[in-house]
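Hi,

Here is the structure I promised to pass on.

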Amino acid sequence: KRKKVDFIPIKSNIVKIYLCGPTVYDNAHLGHARSAITFDLLYRMLLKNNYEVIFVRNFTDIDDKIIKKSKETGIGIKEITSTYIDSYLRDMNALNILKPSLEPCATENLDAMFDMIEILLKDGKAYKTPNNDIYMRVAKDTRYGELSNRANLESQVSRIGENEQKEDIRDFALWKIFNKDDDIAYDSPFGRGRPGWHIECSAMIEKHLAYKDGEFSIDIHAGGADLFFPHHENEASQSRCANNRELAKYWIHNGFVTIDGEKMSKSLGNSFFVKDALKIYDGEVLRYYLLSLHYRSPLNFSHEDVLSSKKRLDRLYRLKKRVIDAESTIIDKDFRDSFLNALNDDLNISIALSYLDSMVSHYNELLDKNPKDVQNKQKALSNIIFINEILGIGEKNPIDYFHLGVSDEMKQYIKEKIKERNEAKNKKDYALSDSIRDELKANNIH
């Protein structure tokens, strides 16, 4: 585990991916954004390799934190989850995340959870405690711990409380009984209660995505590094025991986001919501920053680094401004192949972006020598379109991009000054032209 291997899909030209999505009791934070952007890049890269990609990202809308918020605020569960699902989708749209093939909610898939639990009970791989809770019998899974290499080190994390009646400290909840009148619970064949966290994803994968034959259910299971253990380990365990096949052929995890060197956490008070970041940075700038470091590396969020990313993005848009009037495009095969090959190597974004920087410099040099070279304009524009398709950046009109965050009054001022400067140039009044340029530079307008 945790090594780079050749990617060979289960079926020749189809890739099935499942990404663990957010638990919708609050707004999306930068950790959610990084995960979404990482696997959006994977999605786009696979599409560029001509795979048919079936991409599923779920919403966890059954959770103690949601129930706690409902009781504290008096707002219904459905209203809370709907509010934060809508908020998440707005944030993802601002970050130019492609829409997944399917976005299932846990509450809509209880039937699939019941089916999986019944199989595990029937085979003796799950058991009922004296109070009728149902737990996975981890001892029945001889491969438990292989994914995370943490079979016996830690007790299991449960989002619905621990139970002293467990047979083994590693056993984890599949279904918990809740009988009090004020408990929020769901009817099931096992009694009124709530599902364990881990069973939700396994059941949704089996219902919506899984191959029912062969060695693996799906090609790729994705998520943040914080989900590696126990969530993904437990998913893998219950899925192999219920279905007699491995859950995923490949597991991919993105690194943590830290702020000021501390792991981002609401409990630490340093959870930077995406919606707040979008008040400071344009979504495209934030996207470029969050994808600019290799997905497995930890990312320490830094305002200075965001600004550095914006400068790199500015260079792309300056080139686009020079070539946007090209009436057609010519494919630059060498650049496309080099760029895609870099991403094909475990999403090596550093190498890919170095090719991007070199491409921008190369075409700027050629256009400096001959600004009217039609073929170079067409090739450069083709490359920018390709970059937009695979990185999700460079889509805007350059004028709109450079006016981001600029007031209407300032936009009008800039337009008037550009018009005056162009008129001065046409009259060969270079002194006036230069003075207008210097005036714009003094206002940080380049």
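To start with the overall make-up, the protein chain has 15 helices and 11 strands. Keep in mind that this is a predicted model. Its C-alpha atoms fill a box of roughly 95 × 50 × 35 Å along the principal axes. The chain runs to 446 residues, and 53% of them count as buried. If you take the contacts with a separation of 6 or more, 76% of them are between residues 24 or more positions apart.

On the H8 side, the contact is made by Glu 284, Val 285, Tyr 288 and Tyr 289. Those residues meet Asp 305, Val 306, Ser 309, Lys 310, Arg 312, Leu 313 and Tyr 317 of H9. By type, the contact divides into 6 nonpolar residues, 1 polar and 4 charged.

Now the salt bridges. Side chains of opposite charge can pair when their charged atoms come close. The count here comes to 32. Some that I went through:

- Lys 48 with Glu 389: the closest N and O atoms are 2.5 Å apart. Lys 48 sits in helix H1 (residues 30-48) and Glu 389 in helix H12 (residues 374-391), so this pair ties together parts that are 341 residues apart in sequence. Lys 48 is partly exposed at 27% relative accessibility, and Glu 389 is partly exposed too, at 35%.
- Arg 143 with Glu 246: these side chains meet at 3.1 Å, N to O. Arg 143 is in the loop between strand S4 (134-136) and strand S5 (173-177), while Glu 246 belongs to strand S8 (residues 246-254), so that the pair links distant parts of the chain, 103 residues apart. Arg 143 is partly exposed, with a relative accessible area of 35%, whereas Glu 246 counts as buried at 15%.
- Lys 212 with Glu 206: the closest N and O atoms are 3.1 Å apart. Lys 212 is exposed at 52% relative accessibility, but Glu 206 is buried at 16%.

What else is Arg 143 linked with in a network of salt bridges? Arg 143 and Glu 246 share that network with Asp 141, Glu 146 and Arg 240.

Last, some backbone details. Most residues other than glycine have a negative phi, and most peptide bonds are trans. With that in mind, have a look at these spots:

- Phe 229 and Pro 230 are joined by a cis peptide bond, with omega at about 5 degrees. Pro 230 is placed in helix H6 (residues 228-243).
- Asn 149 is a non-glycine residue with a positive phi, near 60 degrees. Asn 149 lies in the loop between S4 and S5, and is exposed at 66% relative accessibility.
- Leu 347 also has a positive phi, near 50 degrees. Its place is in the loop between helix H10 (333-344) and helix H11 (349-369). Is Leu 347 buried or exposed? With a relative accessible area of 6%, Leu 347 is buried.

Cheers

Conventions. Residues are numbered from 1 along each chain as its sequence is written. This is a predicted model: local features need pLDDT of at least 70, side-chain atom pairs count only at pLDDT 80 or more; totals for chains, interfaces and linings use all residues. Side-chain values use heavy atoms; hydrogens and water are left out. Contact means heavy atoms within 4.5 Å. Helices (H or I, at least four residues) and strands (E, at least two) are DSSP runs, numbered from the N terminus. Ala, Val, Leu, Ile, Met, Phe, Trp, Tyr, Cys and Pro count as nonpolar, Asp, Glu, Lys and Arg as charged, and the others, Gly among them, as polar. Buried means under 20% relative accessible area, exposed over 50%, partly exposed in between (1.4 Å probe, protein chains only). A salt bridge is a side-chain nitrogen of Lys or Arg within 4 Å of a carboxyl oxygen of Asp or Glu.
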